[in-house]
Amino acid sequence: NKNYTVYMAKGETEGCQIAFRPENDAKISLKLVSGDSGMLYGISSCDHKHLIEDKYYTDSTVPYNGEEILVPANETTPFLIEFRTAENAEAGDHKFVFEAKDGDDVIGTYEVTVHVWNFALPVHKTLQTAVGLGKWRIESLHGYCDEELYKKYYDMLLDHGISAYVLPYDVLDPRADEYMSDPRVTAFSMFWEAEDEKLLQYYNKVTSNPVWTEKAFFYPLDEP
């Protein structure tokens, strides 16, 4: 299937996949050849596969920058293409064409239509979320997890309507204020093992703003 339609509201992120399963080893690359690049949130490619009961299943994807990816024969490798619409996006159909190559040879062109409905999702999410984003897990994947890398993961989740437990910055850090005020952030945890004086500082800061107070919580442990 070389044609697909993605249906979206305004102010939404949504996507589709293009998967390749070559008969011989291939060096696949994929690029946008026409369409509004400003609406293209990004392309990501399969990063890892798990062998489960003699079958391989794809897991994580990583940002894709147009490089050739080795796709083994008779294995399926997907590319995830995501689009994002602004609150004032034009309703109707938006056409995109993607081109795939095996080395220098064009092996396919794919047309994706993004159909934008004439209404917008609210910036402030009505469903509160608090999803675990462990720095230890990021470190196990990358060998490190500094402030900048954690922020990339946090922002990616936020772009998809998900609030992670812990903000990129400590609540007492002035840089956290923008996140706490962000209407997309629906909840955030504070460091509960702090000394009493610091706990009081957390409490006094978040209760100084009713928006922050509504979102803040302490999370001592799982299944207490």
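Mentor: The lining of the largest pocket comprises 13 nonpolar, ten polar and seven charged residues. In this scheme Ala, Val, Leu, Ile, Met, Phe, Trp, Tyr, Cys and Pro are nonpolar, Asp, Glu, Lys and Arg are charged, and the others, Gly among them, are polar. The model is predicted, so local features need pLDDT of at least 70 and side-chain atom pairs count only at pLDDT 80 or more, while totals for chains, interfaces and linings use all residues. Residues are numbered from 1 along each chain as its sequence is written, and side-chain values use heavy atoms, with hydrogens and water left out.

Trainee: What volume does the largest pocket have, and which residues are closest to its centre?

Mentor: A pocket is an open set of points on a 1 Å grid over the protein atoms alone, where a 1.4 Å probe fits, with protein on both sides within 12 Å along at least five of seven lines; lining residues have an atom within 4 Å of a point. Points are joined across faces, edges and corners, and the volume is the space filled by probe spheres set on them. Here the largest pocket has a volume of about 1000 Å³. Of its 30 lining residues, Thr61, Val62, Pro63, Tyr153 and Met156 are the closest to the centre.

Trainee: Which elements give two or more residues to this lining?

Mentor: Elements are DSSP runs numbered from the N terminus: helices are H or I with at least four residues, strands are E with at least two. Those giving two or more residues to the lining are strands E4 (40–46), E7 (61–63) and E9 (77–84), together with helices H1 (135–142) and H2 (147–159). H2 gives the most, with seven residues.

Trainee: How are E4, E7 and E9 arranged in their sheet?

Mentor: Strands of a sheet pair through backbone hydrogen bonds, either parallel or antiparallel. Two strands count as paired if DSSP finds at least two bridges between them. In this model, four strands form an open antiparallel sheet in the order E2-E9-E4-E7. Strand E2 (13–20) and E7 are the edges, each with a single partner strand, so one side of each has no neighbour in the sheet. E4 is joined to E9 by five bridges and to E7 by three. Ser44 has Leu80 as its bridge partner in E9 and Pro63 in E7, while Ser45 stands opposite Val62.

Trainee: How many residues of E4 are buried?

Mentor: Buried means under 20% relative accessible area, exposed over 50%, and partly exposed in between, with a 1.4 Å probe and protein chains only. Five of the seven residues of E4 are buried.

Trainee: In what order do the strands of the five-stranded sheet run?

Mentor: The order is E1-E11-E10-E3-E8, in an open sheet with mixed pairing. Its edge strands, E1 (3–10) and E8 (69–71), each pair on one side only. Strands E10 (92–102) and E11 (105–120) run antiparallel and are joined by eleven bridges; Lys101 has Val106 as its bridge partner in E11.
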